[in-house]
Amino acid sequence: MENTNKEEYKIHSFDADTQQLLKTALKDPSGVDLETVANFIIDQSLKDTAFCKEAGRICYTITQAETKQSGANVFRRHLLNRLQQEYQERDEMRARSLKEWVCFVTFICYIFDYLKINNMPMMALVNPVYDCLFRLAQADALENEEEVDCLVIQLHRIGDQLERTNMQRMDELFFLLRDGFLVQENLSSLSRLLLLEIIEFRASGWKMTSTAQNYYYSEVSD
């Protein structure tokens, strides 16, 4: 997880009232309706993958501020309740909007990365995150470069820590990816390259060798 101690957050594109809501939540969580805050953050994250990282940082800071202020977990509860609702409707979401689906996967993975309990991942998120990644590893999703790209990005970010929570499911996920790479005929050259890269990345202990990095970078650039 990256440093979350920065004071500045990229919220300047929002209207004045929303900026004030978020600024108050970050410093004085008891002074705002935290359910409204959680819903706003998720609504924005489902529209823009670029905001998801910032959303993760904001959620982390609010949960830390609330714990320090009152010892409560009201914001985290509202956040997880809304995530559960979206997760339960993920198939409908994907059918409705591929962009929204990719945004959701990106956001839930950032939340898994940023929000910890006693420096450990929240176990309530482990299976939902795995389920989302498994969906991205299905044959129809592997034919879509946007979903393959999303899958590979998330595995780069959280694959190592996710594997430590349940290695068997990670093994099963990579069985799917290897099968897709070896057997599936309708993959684009980019998708095939990305799958090979993430397979080798995990095989190297979730690390990228400089030789591999130079190779894949040059291939994607070409």
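Begin by selecting R192 and F181, where the charged end of R192 sits over the ring of F181 at 5.9 Å from its centre; a charge counts as over a ring if NZ of Lys or CZ of Arg is within 6 Å of the ring centre and within 35 degrees of the ring normal. Before going on, note that this is a predicted model, in which local features need pLDDT of at least 70 and side-chain atom pairs count only at pLDDT 80 or more, while totals for chains, interfaces and linings use all residues. Residues are numbered from 1 along each chain as its sequence is written, and side-chain values use heavy atoms, with hydrogens and water left out.

Now select R90 and Y87 for another charge and ring: R90 lies over the face of Y87, 4.1 Å from the ring centre.

Turn next to the aromatic rings. A search of the whole structure finds 6 aromatic pairs, where rings of Phe, Tyr and Trp (its six-membered ring) pair if their centres lie within 6.5 Å, and planes under 30 degrees apart count as stacked, over 60 as edge-to-face and the rest as tilted. Select F14 and F51, whose ring centres are 5.6 Å apart and whose planes stand at 85°, so the pair is edge-to-face. This pair links distant parts of the chain, since F14 is in the segment before helix 1 (16–27) and F51 is in helix 3 (residues 49–70), 37 residues apart; helices here are DSSP runs (H or I, at least four residues), numbered from the N terminus. F14 counts as buried at 12% relative accessibility, and F51 is also buried, at 8%, where buried means under 20% relative accessible area, exposed over 50%, and partly exposed in between (1.4 Å probe, protein chains only).

Which helix holds F75? Select helix 4 (residues 74–88), and F75 is found there, buried at 0% relative accessibility. Leaving aside neighbours within four places in sequence, F75 is in contact (heavy atoms within 4.5 Å) with residues including L34, V37, I41 and I62.

Move on to helix 9 (residues 145–165) and helix 10, which pack at an angle of about 145° with their axes 8 Å apart; the axes are lines fitted to C-alpha atoms, for helices over the stretch in contact, and angles run from 0 to 180 degrees between N-to-C directions. Among the residues that meet here are L151, L155 and G159 in helix 9 and M170, L173 and F174 in helix 10.

Stay with helix 9 and select E147, which is buried, with a relative accessible area of 1%. A polar contact of 2.9 Å joins the side chains of E147 and W101; such a contact is a pair of N or O atoms within 3.5 Å, where within protein one must be able to donate a hydrogen and the other to accept it, and residues adjacent in sequence count only if both atoms are side-chain atoms. Not counting residues up to four places away in sequence, E147 also touches R94, L98 and V102, among others.

For a last stop, select D17 in helix 1, which is exposed, with a relative accessible area of 65%. D17 and T106 are 89 residues apart in sequence, and their C-alpha atoms are 26 Å apart in space.

Technical notes
Helix = DSSP H or I, 4+ residues; strand = E, 2+ residues; numbered from the N terminus.
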